[in-house]
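Here is a short report for a reader who is new to this structure. Please keep the sequence and the model in view while reading.

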Amino acid sequence: LCDGPDNNPVNTAEDTFLHLITSANESVYITTPYLAIDEAMMRALCLAADSGVDVRLMMPGIPDHKFAYLVAQCYFGELLERGVKIYTFEPGLLHGKSALSDRQTGFVGSGNMDYRSFQLHFECGAVFYDMPETAAALLDDMESIMARSRCLTYEEWRRRPWLHRLIGTILRPFAMWM
């Protein structure tokens with residue numbers, strides 16, 4: 001798939017992520033270095049988790065853009081409360097952009113889960129289905145990432161430094177430009 005500002009308001013990349021999340025019956029695993037999502041994406045993730053889908057977000061343990069990561073943390077509270085599991089990759093930067101729904105349908109490409117990728121940047125990627133070897137390879141990669149990650153708890157998120165909370169809260173309205 002190809003996406004970019006020249007085909008707005010159609011957002012192929014965002015619609016693909018939304019479809020993978022909302023069509024999942026058992027699991028949806030996502031890797032992304034950035035998380036700055038709109039209400040529709042937040043709602044889809046939360047509703048999937050509420051319905052019993054195993055929703056897992058894998059993000060960097062050491063971000064390359066500190067302020068963008070502080071904004072991402074603003075979303076974590078509601079996601080964690082609703083049952084979304086958030087993994088932070090302990091070795092450092094995780095820059096992969098992928099999604100796997102029910103261990104059979106997936107996406108691998110350049111699009112992050114953020115406003116800039118969905119609205120402003122030119123992005124590309126491959127969507128696959130009915131390719132069990134490809135799905136198994138992506139699942140193996142994601143399981144390897146989770147094995148080297150820490151699963152964040154709601155209590156840990158609440159105990160983050162007050163300055164991080166303040167900066168993230170102030171910057172969240174500006175997330176689309178980060």
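## The model and its main core

This is a predicted model. Its largest nonpolar core has 38 residues. Those with the most contacts inside this core are Ile30, Leu35, Met41, Leu45, Phe76, Leu79 and Met113. Several elements give two or more residues to the core. The helices among them are α1 (12-22), α2 (39-50) and α3 (66-81). The strands are β2 (27-31), β3 (35-36) and β4 (54-60).

A second, separate core has 13 residues. Leu94, Ala135, Met142 and Ile145 are included in this second core.

Met113 sits in strand β8 (residues 113-114). Is Met113 buried or exposed? Its relative accessibility is 0%, so Met113 counts as buried. Beyond neighbours within four places in sequence, the contacts of Met113 include Phe17, Ile30, Thr32, Tyr34 and Leu35. Ala36, Ile37, Met41, Leu45, Leu57 and Phe118 also touch Met113. Sequence distance and spatial distance can be set side by side here. Met113 and Thr31 are 82 residues apart in sequence. Their C-alpha atoms are 8.8 Å apart in space.

## Met58 in strand β4

Met58 belongs to strand β4. With 0% relative accessibility, Met58 counts as buried. Which residues does Met58 touch, not counting those up to four places away in sequence? They are Tyr29, Ile30, Thr31, Thr32, Tyr87, Leu94, Met142, Ile145 and Met146. Among these contacts, Ile30 is listed for the largest core, while Leu94, Met142 and Ile145 are included in the second core.

Met58 and Tyr34 are 24 residues apart in sequence. From C-alpha to C-alpha, Met58 and Tyr34 are 10.0 Å apart in space.

## Cysteines without disulfides

How many disulfides does the structure hold? The count is zero. Two cysteines show why. The closest cysteine sulfur to that of Cys124 is in Cys2, at 6.1 Å, which is too far for a bond. A disulfide needs the two sulfur atoms within 2.5 Å. For Cys151, the closest cysteine sulfur is in Cys46, at 15 Å, and that is also too far for a bond.

Cys124 is partly exposed, at 43% relative accessibility. Cys151 is partly exposed as well, with a relative accessible area of 33%.

## Salt bridges

Side chains of opposite charge can pair when their charged atoms come close. The count here comes to six salt bridges.

One of them joins Arg82 and Asp50, with the closest N and O atoms 2.3 Å apart. Arg82 lies in the loop between α3 and β5 (85-89), and Asp50 lies in helix α2. The pair therefore ties together parts that are 32 residues apart in sequence. Arg82 is partly exposed, at 28% relative accessibility. Asp50 is also partly exposed, at 43%. Salt bridges that share partners join Asp50, Glu78 and Arg82 into one network.

Another salt bridge links the side chains of Lys85 and Asp54, at 3.0 Å from N to O. Lys85 is in strand β5 and Asp54 is in strand β4, so this pair ties together parts 31 residues apart in sequence. Lys85 is partly exposed, with 30% relative accessibility. Asp54 is buried, with a relative accessible area of 16%. Arg150 and Glu156 also meet through their side chains in a salt bridge, at 3.2 Å from N to O. Arg150 is partly exposed at 36% relative accessibility, and Glu156 is partly exposed at 27%.

Which residues make the nonpolar surface patch? Trp162, Leu163, Leu166 and Ile170 do, and the patch covers about 430 Å². Ile170 lies in helix α7 (residues 162-171).

Definitions and conventions
Residues are numbered from 1 along each chain as its sequence is written. This is a predicted model: local features need pLDDT of at least 70, side-chain atom pairs count only at pLDDT 80 or more; totals for chains, interfaces and linings use all residues. Side-chain values use heavy atoms; hydrogens and water are left out. A nonpolar core is a set of buried Ala, Val, Leu, Ile, Met, Phe, Trp, Tyr and Cys residues joined through side-chain atoms within 4.5 Å. Buried means under 20% relative accessible area, exposed over 50%, partly exposed in between (1.4 Å probe, protein chains only). Helices (H or I, at least four residues) and strands (E, at least two) are DSSP runs, numbered from the N terminus. Patches are made of residues with over 30% relative accessible area and no salt bridge: like charges are joined within 9 Å, nonpolar side chains (Val, Leu, Ile, Met, Phe, Trp, Tyr) within 5 Å. Accessible areas come from the Shrake-Rupley method with a 1.4 Å probe; for residues, only the protein chains shown count as cover. A salt bridge is a side-chain nitrogen of Lys or Arg within 4 Å of a carboxyl oxygen of Asp or Glu. Contact means heavy atoms within 4.5 Å.
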